[in-house]
Amino acid sequence: MSKEQQVLRLSRELTGQWTLPILLALEDHGGRFTPLQNKLNIAPSRLSSNLKKMVEDGLLIHLSPAERRHPLLPEYVLTDKGRLYREAARAVHLSEQQIGRGRLSDKVWGLPILLTIGYDHTRFQEIRQSLEGITPRILSARLHEYQEEGLVYKQIQDEPRPTFLYLLEKHVQRPIRQLSVDLASLV
């Protein structure tokens, strides 16, 4: 698997509404359930299901009360993979701040699409082939959203036959390139 494919896979695994905030908040709140819930302002059932999924994905270890030996010790501890993903989450968070359009990682396929375009895959089919598992419908919807938000623009290329190219807007290019470098250094 190439570096580019590894970066795209990592960015896809970090997308979703709660993965990034949980990874970023774990360190500050000692890995305990109630402080995490209060910090993130999330329903207990939603936090529980997200933490369970992160345990299944190998990002966290859930410690039982017997393993903790004290109620103030963390319930959830990052694994080595989790620490790597936390560093990736920090890089994503920084790039989202630089772009200034909110949390792009909330939307499924959001960041992977921008990273793919940043890797100079500019035609619709090139983008789709680079992102294993994305449907044409969701790709089309995200590209349309990003055009409306001013993140991506569509350019027509006449030769050899008319086709559309999707390119990053100027203010998005640098943060996305930096994000791809940061994520590549982690994989």
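This is a predicted model: local features need pLDDT of at least 70, side-chain atom pairs count only at pLDDT 80 or more; totals for chains, interfaces and linings use all residues.
Let me start with helix 3, whose buried residues (buried meaning under 20% relative accessible area, with a 1.4 Å probe and protein chains only) pack against helix 2 (19-28), helix 4 (44-56) and strand 2 (76-78). Helices here are DSSP runs of H or I of at least four residues, strands are runs of E of at least two, and both are numbered from the N terminus. Residues are numbered from 1 along each chain as its sequence is written, and side-chain values use heavy atoms, with hydrogens and water left out.

Which residues of helix 3 are buried? Within residues 33-40 they are Phe33, Leu36 and Leu40. Seen down the axis of helix 3, these buried residues fall within an arc of 65°, so they line one face of the helix; the arc is taken from the directions from the helix axis to the C-beta atoms. In general, an α-helix has 3.6 residues a turn, so residues three or four places apart point the same way. After helix 3 comes Asn41, with a positive phi near 55°.

Now to the packing of helix 1 (residues 3-13) and helix 10 (residues 170-186), whose axes are 9 Å apart and meet at an angle of about 100°. The axes are lines fitted to C-alpha atoms over the stretch in contact, and angles run from 0 to 180 degrees between N-to-C directions. Helix 1 is therefore roughly perpendicular to helix 10, a term that covers 65 to 115 degrees. Helix 1 contributes Lys3, Val7, Leu10 and Ser11 to the contact, and helix 10 contributes Ser180, Leu183 and Ala184, where contact means heavy atoms within 4.5 Å.

Lys81 lies in helix 6 (residues 80-99). Is Lys81 buried or partly exposed? Lys81 is partly exposed, with a relative accessible area of 36%, which falls in the class between the buried limit and the exposed one of over 50%. Leaving aside neighbours within four places in sequence, Lys81 is in contact with Asp57, Gly58 and Leu59.

Finally, the whole protein, which has 10 helices and 4 strands. Its C-alpha atoms fill a box of roughly 70 × 30 × 25 Å along the principal axes, and 40% of the 187 residues count as buried.

Note on methods. Angles under 35 degrees count as roughly parallel, over 145 as roughly antiparallel, 65 to 115 as roughly perpendicular and the rest as oblique.
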